[in-house]
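Student: I've got a model open and I'd like to learn how to read helix packing and cavities. Can you walk me through it?

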Amino acid sequence: MEKPDYSKTLNLPETEFPMRGNLPQREPQIQDKWNELNIYAKVQAKQNGKPKFVLHDGPPYANGDIHIGHAMNKILKDIIVKSKTMDGFDAPYVPGWDTHGMPIEHAIIKSKGINRHEVPVTEFRQMCFDYALDFVERQKGQFQRLGVRGDWENPYITLQPRYEAAQIRVFGEMAKRGYIYKGLKPVYYCAACETALAEAEVEYADKTSPSIYVKFAVKDGKGVLPTEHTSIVIWTTTPWTLPANVAIALGPDFEYNLVEVNGENLLVAKELTAAVLKTAGIEGEPNIVGTFLGKDLERVVAKHPFMDRESLVILGDHVTLESGTGCVHTAPGHGMEDYLVGLKYDLPILAPVDGQGKFTADAGKYAGQFYIKANKAIAADLHESGHMLAEKSLDHSYPHCWRCKNPVFFRATEQWFGSIDKFREQLLEQIKAVNWDPHWGEVRLHNMVADRTDWCISRQRKWGVPIPIFYCTDCNTEIVTDETIDKVSNLFAEHGSQVWFEKEAHELVPEGLTCSCGGTHFRKESDTMDVWFDSGSSHMAVCEAREELHWPADLYLEGSDQYRGWFNSSLSTGVAVRGQAPYKMILSHGFTLDGEGRKMSKSIGNTVDPLKVMNQYGADILRLWVASVDFRADTRVSDAILKQVAEVYRKVRNTFRYLLGNLNDFDPKTDKVAPEQLLEIDRFALNRFTQVSDRVHNGYRKYDFHTVYVEINNFCTVDLSSFYFDVSKDRMYTVAPSALERRSAQTAMYEILVGLTKLVAPILSHTADEVWGYVPGAEEESVQLTEWDDAPVAFDAELDRKWGAVLTVRDEILKAMEVARQEKVIGKSLTAALDLYPNAETLAVLHSVPRLHEVLGVSQVNVHEAGADVPGDAVAYAGLAIRVKAAAGETCERCRVVTTEVGTDPNHPTICPVCAGNVVHFLG
RNA sequence: GGGCCCAUAGCUCAGUUGGCUAGAGCGCACGACUGAUAAUCGUGAGGUCGGAAGUUCGAAUCUUCUUGGGCCCA
């Protein structure tokens, strides 16, 4: 008989599951399979009737390709939705898009080079509409490439008719409750284009402006300032705004000097006194007759230099001492800060300038003049009347119109507001009721809501949802009633908001509408709504409207910029129309920075493109990266970081591969070993998995994905690869295929394989399904169609403690063996024989371990009694002295154990008796 | 300028109510194996916790200040 090739008589791992992921190629195939299966619908159908969990998607803006922030956001949501599903919930996910607003108008105007005023509104809006939908499709493909599962065939889009219709109803509800009012607010305005401008439409350029110092005579010093011959000196570079002056702002904590000059007292900030006097050409040592704190001068009354009006002294934190006089001319109708401080003091908002930039009758003698031209006339008059202290000019950076390049200015215009004031207390109450993660989110939103001004919801824009208000052409009364809202909403539901621009007012109002004045002719509002009102209505248009969802949502999850944005606008509309926050919980993530913690920007060139990452590494690597970081804070990403994540992935993948390889002949239906018959070490492996499984489940439930990542990583590397697999591999390979020792290990590996696949599925969705295709006996078409099971064994704390002690001893022995290896006493562990000299405690541990040599990976172990003489060449460790020597005998050609018994069976002269017994199972 | 947040080994993160020589994985170095092989195993070297001051018997953990960074306002 010829000597057999013993390597053919082993149960070596074998699997088609590739070692290399090749994710950029493989993932799209897996996604195709999901699409064929219609995985979303299938999962939803299966979970129907289970407790619902609604994560409501915050809509990204449909413009541009997705960036790394989008990727992180969507991946986090996907991990949550998938883990909730596997945890036994019905977790629908309806993705959304935000589509109206300036950036798309901007993009259309730029890319098509068109002038908004020359293209018919409906045509312009259609272009915006098409553009937005193009990007919805584009981003949808990119989100799907990330592996995100959702109702992609039926998303919500803010330009959808049914969405716009629902939004109109939100507006109507707010109006009905008296929360909508018309007021004045300054906006950037271009007189040449006769239009309001968004901030993004303003560009800064150098300009030379007048720089004048004007005296405002004190009329009532409130007992603090003298009234006779006393003036407050203001400084301005826009003399034309003086007709709109209603106040003078001082810094509350600044000191102000009262300086006597030529018989009159002038008030200027102490720090600026010298500079002002110098500018005014006043020589000599100033004669300071008094010093005051700004806050002591509050409500002093001055007299306007040329209007028949008073000017109130107020306090503002925006006052600086960088230039001017420290006494700030305040015209709430012509400046943002002036406006805001004006709200606090309830100042009138005057803007006596019309749409062409000409002064109105309210500007008195300047009526009819173009605002800039009036600068000269005003200055001349101030000289004439003796109010001009000094007049110079100044070069500075000033906002200009992006189109016509003319200077722009702030002009108070009529705007629609949502009255936060009327339900601020309710907002603050509701903030308390929400579950905030991280907890500081509550403070952040609370502070914002506590001191925010009313919500300006109107925009002088075309690409948006129109504000559904009519005006009586006879008496100009605003009309918004249940009937008009109903009518408009229904029209929008049918035709979309485009109908507002296509039809005349009389076609849009309910039949028979009559104004209280008796008028029956109407015109329609031309402003559109702030896009935050669009997305802020999503809880009504989506959560409440769609039957698979519910209101309020269980969770909103967005970047921390959304405290100001969507969290805020959604809360406002929710409380306004339903008296309640539209979400039970807010979870927020940080921003993604580069490897050095710097903000990413295209100009610096430090961006990480998720699409490139997926082409290079794969979506699962990106997903694993998301799971690996502390997303609640800002996170970093770089190629080096992704490489590291890819290493972790490789380890996890190899773990799966090894499990699959060892299970190639395992049929769970027939080969499973009952728990009580399992070898102790196999039970220990399962026991550890039980623990890991529990921790991973809890990690998912607390949205601590980093815990999930760490637990899985450590389980694969420490528990499995370096211990369990390493220690059990010889047994797996050498024993008869169906021997209990092998089936026992296979049972443990099978349970671990199935369980682990389910644990990683929410994160490594592609890989998990790839693995699932190889799992023996797996019936479901996707692991996403399974739920987490209870762990295969109940956690046994005693077993865990015992093997913990074994591992500690093993570590000591490995150290000793490493020393022997360095000294060339041994090579691989199987060439070693050990003499162990334990103390009583360690002896008990060693005695408790079945198959000790297997656990230590050596050929021979000789455990001496406690107290035995320790030879001088043994190395002492805690509780144990160890002598490592080369094992005596020959190496069994089959199992590679070194033993003196090789050749005991004359038929097999090169192998050990154990192998001789096992080999018959292979040779027949 | 204001509100909120972040800062622990090269990297990603742990470090309950302040208390043993600050931990893990990866990476790195060295070594082993060649029956998980574009794999696998072992050993080891790396932080004094952004900085300063303070409270305390004792602080990465508390206080103040400070530096750098981020989000949102102004």
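Student: At what angle do helix H19 and helix H25 pack?

Tutor: Keep in mind that this is a predicted model. Helix H19 (residues 619–628) packs on helix H25 (residues 765–772) at about 120°, and their axes lie 7 Å apart. Angles of 65 to 115 degrees count as roughly perpendicular, so H19 is oblique to H25.

Student: Which residues make that contact?

Tutor: H19 brings Ala619, Asp620 and Arg623, while H25 brings Ser765, His766 and Thr767. Sorted by class, that's 1 nonpolar, 3 polar and 2 charged residues.

Student: And how do the axes of H1 and H25 cross?

Tutor: Helix H1 (residues 23–37) crosses H25 at roughly 75°, with the axes coming within 10 Å. That makes H1 roughly perpendicular to H25. From H1 you get Leu23, Arg26, Glu27, Ile30, Gln31 and Trp34; from H25, Ser765, His766, Thr767, Asp769 and Glu770. The classes here are 3 nonpolar, 4 polar and 4 charged residues.

Student: Now cavities. How many of 30 Å³ or more does the structure hold?

Tutor: There are 4 of them.

Student: What lines the second largest cavity?

Tutor: Its lining is Leu624, Val648, Val652, Val708, Tyr709, Ile712, Asn713, Val760, Ile763 and Leu764.

Technical notes:
Residues are numbered from 1 along each chain as its sequence is written. Chains are lettered from A and ligands numbered from 1 in the order in which they are written. This is a predicted model: local features need pLDDT of at least 70, side-chain atom pairs count only at pLDDT 80 or more; totals for chains, interfaces and linings use all residues. Side-chain values use heavy atoms; hydrogens and water are left out. Axes are lines fitted to C-alpha atoms, for helices over the stretch in contact, and angles run from 0 to 180 degrees between N-to-C directions. Helices (H or I, at least four residues) and strands (E, at least two) are DSSP runs, numbered from the N terminus. Angles under 35 degrees count as roughly parallel, over 145 as roughly antiparallel, 65 to 115 as roughly perpendicular and the rest as oblique. Contact means heavy atoms within 4.5 Å. Ala, Val, Leu, Ile, Met, Phe, Trp, Tyr, Cys and Pro count as nonpolar, Asp, Glu, Lys and Arg as charged, and the others, Gly among them, as polar. On a 1 Å grid over the protein atoms alone, a cavity is a set of points where a 1.4 Å probe fits but cannot get out, and a pocket is an open set with protein on both sides within 12 Å along at least five of seven lines; lining residues have an atom within 4 Å of a point. Grid points are joined across faces, edges and corners, and a volume is the space filled by probe spheres set on the points.
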